[in-house]
Amino acid sequence: MDIDRRNYDGIPRTGSPHFQAVRAGDFLFLAGATAKLTRAETGTMGEQTRVILERMDHIMKSEGGSLSDIVKITSYVTDLSEEAKAETQEVRVEFFGEDLPASTRVKVAGLDGPALLIEIDAIAVIPRDSL
């Protein structure tokens with residue numbers, strides 16, 4: 001099986017030693033993304049979620065897929081309040097519509113910056129023969 005490791009134009013690299021996505025067969029693994037180095041870095045949970053899903057959308061389109069090809073996301077959050085949850089859910093529905101992926105939400109003590117509130121990673125399935 002071929003394994004391709006990739007970074008994408010238009011998405012800032014944070015300096016961490018990793019790739020933004022790894023393609024293995026029909027699977028695409030999207031690395032954890034935050035709003036670091038963006039306009040939303042000091043924004044609300046909803047604003048940060050929007051920037052992250054915009055990045056994921058960019059990656060999926062670059063790979064010949066769409067957000068509907070994402071089958072699983074994990075959200076790492078610093079706030080499990082109902083307000084924060086509602087903010088992220090509203091943005092997720094806007095981006096995924098009826099094609100919501102399986103999802104896990106985990107509270108963490110902190111992320112890669114004091115103002116960061118959420119990090120999301122994802123797994124997608126894009127058959128290579130569809131490219």
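User: How many salt bridges does the structure hold, and what makes a pair of side chains a salt bridge?

Analyst: The structure holds seven salt bridges. The term requires a side-chain nitrogen of Lys or Arg within 4 Å of a carboxyl oxygen of Asp or Glu. This is a predicted model, in which local features need pLDDT of at least 70 and side-chain atom pairs count only at pLDDT 80 or more, while totals for chains, interfaces and linings use all residues. Residues are numbered from 1 along each chain as its sequence is written, and side-chain values use heavy atoms, with hydrogens and water left out.

User: Why is the pair K36 and D112 called a salt bridge, and which parts of the chain does the pair link?

Analyst: The N to O distance between the side chains of K36 and D112 is 2.8 Å; the cut-off is 4 Å, so the pair qualifies. The pair links distant parts of the chain, with K36 in the loop between β3 and α1 and D112 in the loop between β5 and β6, 76 residues apart.

User: How do you know whether K36 is buried or exposed, and what of D112?

Analyst: Buried means under 20% relative accessible area, exposed means over 50%, and partly exposed lies in between (1.4 Å probe, protein chains only). K36 has 17% relative accessibility and therefore counts as buried. D112 has a relative accessible area of 42% and is therefore partly exposed.

User: Which residues are linked in a network of salt bridges?

Analyst: The network links D4, R6, R23 and E63. Within it, the side chains of D4 and R6 meet at 3.3 Å, N to O. D4 is partly exposed at 25% relative accessibility, and R6 is partly exposed at 26%.

User: How do you know how many helices and strands the chain has?

Analyst: Both are DSSP runs, numbered from the N terminus: helices are H or I with at least four residues, and strands are E with at least two. The protein chain has two helices and six strands, in the order β-β-β-α-β-α-β-β from the N terminus on.

User: How do you know that the length of α1 agrees with expectation?

Analyst: The expected span of a helix is 1.5 Å times one less than its number of residues. For the 18 residues of α1 (residues 45-62) this gives 26 Å, and the end C-alpha atoms are 26 Å apart, so the two values agree. Helix α1 is followed by G64, whose phi is positive, near 80°.

User: Why are the buried residues of α2 said to line one face of the helix?

Analyst: The buried residues of α2 are A84, T88, V91, R92 and F96. Seen down the axis of α2, they fall within an arc of 120°, so they line one face; the arc is that of the directions from the helix axis to the C-beta atoms. On the other side of α2, E82, E83 and E90 are exposed.

User: What makes a group of residues a nonpolar core, and which members touch the most others in the largest one?

Analyst: A nonpolar core is a set of buried Ala, Val, Leu, Ile, Met, Phe, Trp, Tyr and Cys residues joined through side-chain atoms within 4.5 Å. In the largest core, of 24 residues, L28, L30, M56, I59, M60, I70 and I120 touch the most other members. The elements giving two or more residues to this core are β3, α1, β4, α2 and β6, and α1 contributes the largest share, six residues. In soluble globular proteins, nonpolar side chains tend to be buried together.

User: How do you know that the overall size of the chain agrees with that of a compact globule?

Analyst: The radius of gyration is taken over C-alpha atoms, and the globule rule is 2.2 Å times the number of residues to the power 0.38. With 131 residues, the rule gives a value near 14 Å; the protein chain has 14 Å, so the two agree.
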